[in-house]
Amino acid sequence: MFYNGLLVLHSLLRWVILILLLVAIVKSYSGMTAVKPFSEGDKKVGLFLMISAHTTLLVGLYLWFFGPWGVASIGNLGFGEVMKDRVLRYYAVEHTTGMLIAIVLITIGRGVAKKRIPDAAKYKRTFWFFLIALVIILATVPWPFRAGIGRPWL
Ligand code: HEM
C-alpha cells in the first residue's frame, strides 16, 4: 500500500518534471535570444524543478531498495545474472544512472541562477543543462511503448 502510493507519486512527478523542464527551457531560450534580465520567475521555475527532481530521487531510492526490481529482490543474484535480465539491468543500471545524471544536471542548472555572471550567460547555461537533462530523462523513462520494461503513462 505504502509502496504503491510512492510508486504512483514517483510516476506522477515525471510529468511535473517534464512540464517544468519544458517551461524552463523555453524561458531560457527566449531570455537568450531577446536579451532579457534573469527574472524571479526564472528562479522559481528552477527551484520547483530542483525540488521535484530531488523528491523523485528520494522516492526512487526507496523503490530501488525495497521494490521488486531493486536491492531487496536482486541482492542475492550475481552481477552477471542481473546484467542478463532486461528488466533487472534496466532498473539497476540504465534508469538509475540516467536519472541520477539528469538530476545532477538539473541541480547544477538551477545553481547557475545564483552565480555572479551576466544574465545572458545564466540563460545560456541553464538552457543547455536543462535541455541535456530533458533528453536523458526522455531516454530513460520506462515509457509504455518500451518493449519488456514499459510501464503505464501515469
Ligand atoms: C527524474 C528522475 C526520475 C524519473 C522521471 C523517473 C521515472 C520513473 C517512472 C515513470 C517509473 C515507472 C513508474 C510506474 O511503474 O508507474 C519509474 C520506476 C522506477 N524508478 Fe524511477 N524515475 C526517476 C528517478 C529514479 C531514481 C534516481 C531511481 C533510483 C535511485 C529510480 C528508481 C525506480 C525504480 C526502482 C522503479 C521501479 C519501481 C517498481 O516498478 O516497483 N527512479 N521511474
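Trainee: Where is the place of Val35?
Mentor: Val35 sits in the loop between H1 and H2. Those labels are for DSSP runs numbered from the N terminus, with helices being H or I runs of at least four residues and strands being E runs of at least two. Residues are numbered from 1 along each chain as its sequence is written. Keep in mind that this is a predicted model, where local features need pLDDT of at least 70, side-chain atom pairs count only at pLDDT 80 or more, and totals for chains, interfaces and linings use all residues.

Trainee: Let's zoom out. How many helices and strands are there in the protein?
Mentor: There are 6 helices and 0 strands. Reading from the N terminus, the order is α-α-α-α-α-α.

Trainee: What does the C-alpha trace span?
Mentor: About 55 × 30 × 30 Å along its principal axes. The protein has 154 residues, and 24% of them count as buried.

Trainee: Back to H1. Is Leu20 buried or exposed?
Mentor: Leu20, which is in helix H1, counts as buried because it has 21 C-beta neighbours inside 10 Å. Leaving out residues up to four places away in sequence, Leu20 touches Val45, Phe48, Leu49 and Ser52. Touching, or contact, means that C-beta atoms placed from the backbone lie within 7 Å.

Trainee: How many residues apart in sequence are Leu20 and Ser52?
Mentor: They are 32 residues apart in sequence, and 9.1 Å apart in space from C-alpha to C-alpha.

Trainee: What about Ile19, buried or exposed?
Mentor: Ile19 is in helix H1 too, but Ile19 is exposed, with 12 other C-beta atoms within 10 Å. Ile19 and Leu49 are 30 residues apart in sequence and 9.2 Å apart in space, C-alpha to C-alpha.

Trainee: Now helix pairs. At roughly what angle do the axes of H1 and H6 cross?
Mentor: Roughly 150 degrees, and the axes come within 8 Å; H6 covers residues 119–140. An axis is a line fitted to C-alpha atoms, for helices over the stretch in contact, and angles run from 0 to 180 degrees between N-to-C directions. H1 passes H6 in a left-handed crossing. Left-handed means the near helix is turned anticlockwise from the far one by less than a right angle, and right-handed means clockwise.

Trainee: Which residues in H1 and H6 meet?
Mentor: On the H1 side they include Leu21, Ile25 and Tyr29, and on the H6 side they include Tyr123, Phe127 and Leu134. By class, that contact has 15 nonpolar, 3 polar and 1 charged residues. Here Ala, Val, Leu, Ile, Met, Phe, Trp, Tyr, Cys and Pro are nonpolar, Asp, Glu, Lys and Arg are charged, and the others, Gly among them, are polar.

Trainee: How do H2 and H5 cross?
Mentor: Their axes come within 9 Å and cross at roughly 155 degrees. That makes H2 roughly antiparallel to H5; the cut-offs are under 35 degrees for roughly parallel, over 145 for roughly antiparallel, 65 to 115 for roughly perpendicular, and oblique for the rest. The crossing of H2 and H5 is left-handed. Among the residues that meet are Gly60 and Trp64 in H2, and Met99 and Arg110 in H5.

Trainee: And H5 with H6?
Mentor: Those axes come within 9 Å and cross at roughly 165 degrees. H5 and H6 are therefore roughly antiparallel to each other. H5 passes H6 in a left-handed crossing. The contact includes His95 and Met99 of H5, and Phe130 and Ile137 of H6.

Trainee: Last topic, the ligand. Which residues come nearest?
Mentor: Of the 28 residues around the ligand, the nearest are Ser11, Arg14, Gly60, Met99 and Arg151. A residue is near if its C-beta atom, placed from the backbone, lies within 6 Å of the molecule or strand in question. Helices H1 (2–34), H2 (40–66) and H5 (86–111) are the elements that give two or more residues to this shell. By class, the shell has 18 nonpolar, 8 polar and 2 charged residues.

Technical notes
Contact = placed C-beta atoms within 7 Å. Buried ≥ 20, exposed ≤ 12 C-beta atoms within 10 Å, placed from the backbone.
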